[in-house]
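Colleague: I've got the structure open and would like to go through it with you. Shall we start?

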Number of protein chains: 2
Amino acid sequence: MNTNNYCVIMAGGIGSRFWPMSKTSRPKQFLDILGTGKTLLQQTFERFLPFCPKENIYIVTSIDYKKLVLSQLDGIGEGQVLLEPARRNTAPCIAYATYKISQINPNANFIVAPSDHLILNIEDFNNEINKGLDFVSKNKALLTLGIKPSRPETGYGYIQISNDVIFAYDNLKKVKTFTEKPNLDLAKVFVQSGEFYWNSGIFLWSLSSISTAFEQHLPEVSALFKEGFDYYNTDKEDSFIQRTYSECRNVSIDYGVMEKADNVFVLCSDFGWSDLGTWGSLYENSTKDESENSVVGKNLFLYNSRNCVINLPDKKVVVINGLNDFIVVESDDMLLICKKDEEQQIRQFVNDIKIQKGEEYL
Amino acid sequence: MNTNNYCVIMAGGIGSRFWPMSKTSRPKQFLDILGTGKTLLQQTFERFLPFCPKENIYIVTSIDYKKLVLSQLDGIGEGQVLLEPARRNTAPCIAYATYKISQINPNANFIVAPSDHLILNIEDFNNEINKGLDFVSKNKALLTLGIKPSRPETGYGYIQISNDVIFAYDNLKKVKTFTEKPNLDLAKVFVQSGEFYWNSGIFLWSLSSISTAFEQHLPEVSALFKEGFDYYNTDKEDSFIQRTYSECRNVSIDYGVMEKADNVFVLCSDFGWSDLGTWGSLYENSTKDESENSVVGKNLFLYNSRNCVINLPDKKVVVINGLNDFIVVESDDMLLICKKDEEQQIRQFVNDIKIQKGEEYL
């Protein structure tokens with residue numbers, strides 16, 4: 001195993017769209033939202049074990065989730081959990097991990113990935129990651145995993161590729177443009193063209209490539225985190241990070257680096273991926289019963305019901321009769337019953353609860 | 001207040017149609033099913049306080065519900081709670097109360113009523129009861145309260161009246177026939193005719209009238225309970241009743257007495273009555289919000305939903321969006337979501353749970 005390989009798992013999200021399962025105190029990545037017996041963070045962690053030693057896997061999360069991370073990942077050291085004192089989006093998160101690890105291993109190669117995505121075909125995924133690591137260790141390149149779109153999804157950003165074959169791997173392409181989330185008509189055009197891939201938010205690069213890119217495209221972020229070189233991995237790291245985050249602006253790696261750099265490449269992949277960003281995407285990626293219901297819960301009595309997403313505590317005895325195309329989720333004594341095609345309103349519902357009841361329900 | 005007046009409240013039912021609110025361990029009459037702050041039994045008890053001294057109100061219930069009755073009815077004595085060791089339908093229940101009270105007061109007049117009905121117009125109700133008490137205290141008659149039907153309900157028995165005016169009260173009629181629950185076509189004919197009234201199961205009679213009727217029409221039941229004359233209201237009552245119930249057959253007062261006697265009269269009433277036998281009847285009799293939802297529960301966030309019956313624990317935070325014509329009930333960590341027009345299947349659902357999970361859920 002290549003001890004220069006490192007994995008940075010971004011686990012700071014709060015995921016209000018999955019209320020009442022996910023809450024600020026326990027976001028989606030810390031839940032077994034698919035009912036597999038493992039949380040999404042645990043699945044993500046295990047997914048990267050083939051590529052690097054366990055001690056090279058770092059988790060960046062909010063200071064509020066330190067205990068959750070340590071309790072869910074067996075044998076991980078406190079030094080591998082990077083605690084953000086504030087939410088500043090993905091660029092500062094990645095800069096923190098980059099410069100901290102640079103102090104340990106200047107020859108590091110990185111896989112950077114969200115903690116709450118689903119990968120269905122692990123063998124294909126492993127192949128792509130191996131290709132990617134090989135490529136970024138030999139080339140001054142920023143690499144992202146693009147996913148072949150299976151539907152005109154309007155909830156994702158798309159990456160347009162240049163079709164020139166320029167490398168040993170014929171699914172490795174130069175990026176032409178990153179796009180914002182398209183409307184449905186545009187999304188259909190994207191899918192039909194064959195030139196567009198979903199932006200998975202999974203990145204690979206060497207320490208030197210990403211450092212150079214930060215210096216070039218986000219010089220003030222780079223400067224802030226570089227300053228900590230003597231503090232990282234010492235007892236001064238916490239207070240340095242506290243100070244740095246209060247000064248650092250909110251900026252995403254996509255906007256701040258990927259869209260501006262000219263050495264960005266994409267591995268055009270098709271390993272069954274979802275960001276599990278909504279109950280709908282969860283439904284699409286779940287195994288279903290003979291009536292097309294996606295069910296988690298051991299004591300459910302389901303009659304004459306179709307196309308539902310149902311997620312219930314095991315101990316709860318529930319009878320559902322005559323319900324079609326609904327989301328039914330109970331967690332921590334909170335219950336959601338919502339039409340599946342109106343799930344975009346869940347954020348608003350949660351906001352209403354917040355106004356009337358206070359933060360503790362969210 | 002006439003100290004010869006007695007009230008017998010029948011509170012032994014188990015009500016599986018209201019699962020998960022009602023369960024064998026806590027049937028409907030012991031629940032605040034309308035969200036008024038009082039259980040149905042408490043409402044029934046208070047409803048009869050104007051007609052007789054508190055100590056003349058007797059509750060007949062299962063031995064299993066003794067504690068529930070005593071805890072819900074303030075200031076009632078243990079001697080007023082008659083405990084049935086087995087379910088034997090209404091005739092033995094009434095015979096027990098009749099002969100027990102005969103030992104205390106041979107001049108008693110009775111109001112006999114179920115514990116779990118709803119009365120909306122209490123003033124009209126009181127007028128009818130007063131009329132009825134006056135009538136049965138002066139006449140050798142069995143009197144039942146008939147309810148003017150507001151719809152062709154197929155869940156109730158009907159009473160056909162003879163239209164001859166024979167008494168001081170013009171809404172007091174001789175009964176022509178008792179009918180079984182009709183089908184819808186027949187129920188429509190009943191309602192249109194103006195000759196049929198719902199059988200409320202609320203009865204009035206004097207001790208002498210009902211004793212005579214028992215002797216005449218259910219002589220073996222009469223003989224069994226008469227035998228206890230020396231045991232009632234002594235420490236031998238329990239063992240006598242234990243023995244008697246094991247020997248007594250299951251028979252209703254309607255079938256065993258009312259349908260056979262020729263001195264049966266009906267007070268044709270219209271005071272807003274329901275037996276609250278189903279969620280649908282509960283819905284009909286509830287106050288509703290502007291979207292025609294009947295709601296119990298303090299932390300419900302309801303959106304785009306109409307014509308639902310919703311009954312939730314106060315502490316439970318629930319979001320419901322886009323649900324129409326459903327029953328949503330949670331109680332004791334059990335949840336029911338059922339199409340309103342399929343509520344007759346609830347018994348079957350409960351039976352399925354019983355088979356798979358055991359009695360403790362029911």
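Colleague: Which are the buried residues of α1(B)?

Modeller: First, a caution: this is a predicted model, where local features need pLDDT of at least 70, side-chain atom pairs count only at pLDDT 80 or more, and totals for chains, interfaces and linings use all residues. Residues are numbered from 1 along each chain as its sequence is written, chains are lettered from A and ligands numbered from 1 in the order in which they are written, and side-chain values use heavy atoms, with hydrogens and water left out. Buried means under 20% relative accessible area, exposed over 50% and partly exposed in between, with a 1.4 Å probe and protein chains only, and the buried ones here are B:L40, B:L41, B:Q42, B:Q43, B:T44, B:F45, B:R47 and B:F48.

Colleague: And what covers the buried residues of α1(B)?

Modeller: Cover here goes by contact, meaning heavy atoms within 4.5 Å. Both helices and strands of chain B take part, and the cover includes β1 (5-10), β2 (57-62), α2 (66-72), β4 (109-114), β5 (118-119) and α4 (122-138).

Colleague: How many salt bridges does a search of the whole structure find over all chains?

Modeller: Side chains of opposite charge can pair when their charged atoms come close. The cut-off used is a side-chain nitrogen of Lys or Arg within 4 Å of a carboxyl oxygen of Asp or Glu. One group of them forms a network that links A:K315, A:K316, A:E330, A:D333, B:K315, B:K316, B:E330 and B:D333. Over all chains, the search finds 32.

Colleague: B:K23 forms a salt bridge with B:D332; how many residues apart are they?

Modeller: The closest N and O atoms of B:K23 and B:D332 are 3.1 Å apart. B:K23 sits in the loop between β1 and α1 of chain B, and B:D332 in the loop between β16 (326-331) and β17 (334-339), so the pair links distant parts of the chain, 309 residues apart.

Colleague: What about B:E237 and B:K100: which helix holds B:K100?

Modeller: These two form a salt bridge with the closest N and O atoms 2.8 Å apart. B:E237 counts as buried at 6% relative accessibility, and B:K100 is buried as well, at 4%. The pair links distant parts of the chain, 137 residues apart, with B:E237 in helix α8 (residues 237-247) and B:K100 in helix α3 (residues 90-102).

Colleague: Over in chain A, which backbone oxygen does the side chain of A:S193 reach?

Modeller: A:S193 is found in helix α5 (residues 184-193) and is partly exposed, with a relative accessible area of 38%. Polar contacts are N or O pairs within 3.5 Å; within protein, one atom must be able to donate a hydrogen and the other to accept it, and residues adjacent in sequence count only if both atoms are side-chain atoms. A polar atom of the A:S193 side chain lies 3.1 Å from the backbone nitrogen of A:E195. At 2.7 Å, the side chain also reaches the backbone oxygen of A:F190.

Colleague: Which residue caps the N-terminal end of α5(A)?

Modeller: After the helix comes A:G194, with a positive phi near 75°. At the N-terminal end, a side-chain oxygen lies 3.3 Å from the backbone nitrogen of A:D185, and that oxygen belongs to A:N183.

Colleague: Where is B:F196, and which residues is it in contact with?

Modeller: B:F196 is found in strand β9 (residues 196-206) of chain B. At 10% relative accessibility, B:F196 counts as buried. Leaving aside neighbours within four places in sequence, its contacts are B:P149, B:Y158, B:I159, B:Q160, B:T179 and B:F190.

Definitions and conventions:
Helices (H or I, at least four residues) and strands (E, at least two) are DSSP runs, numbered from the N terminus.
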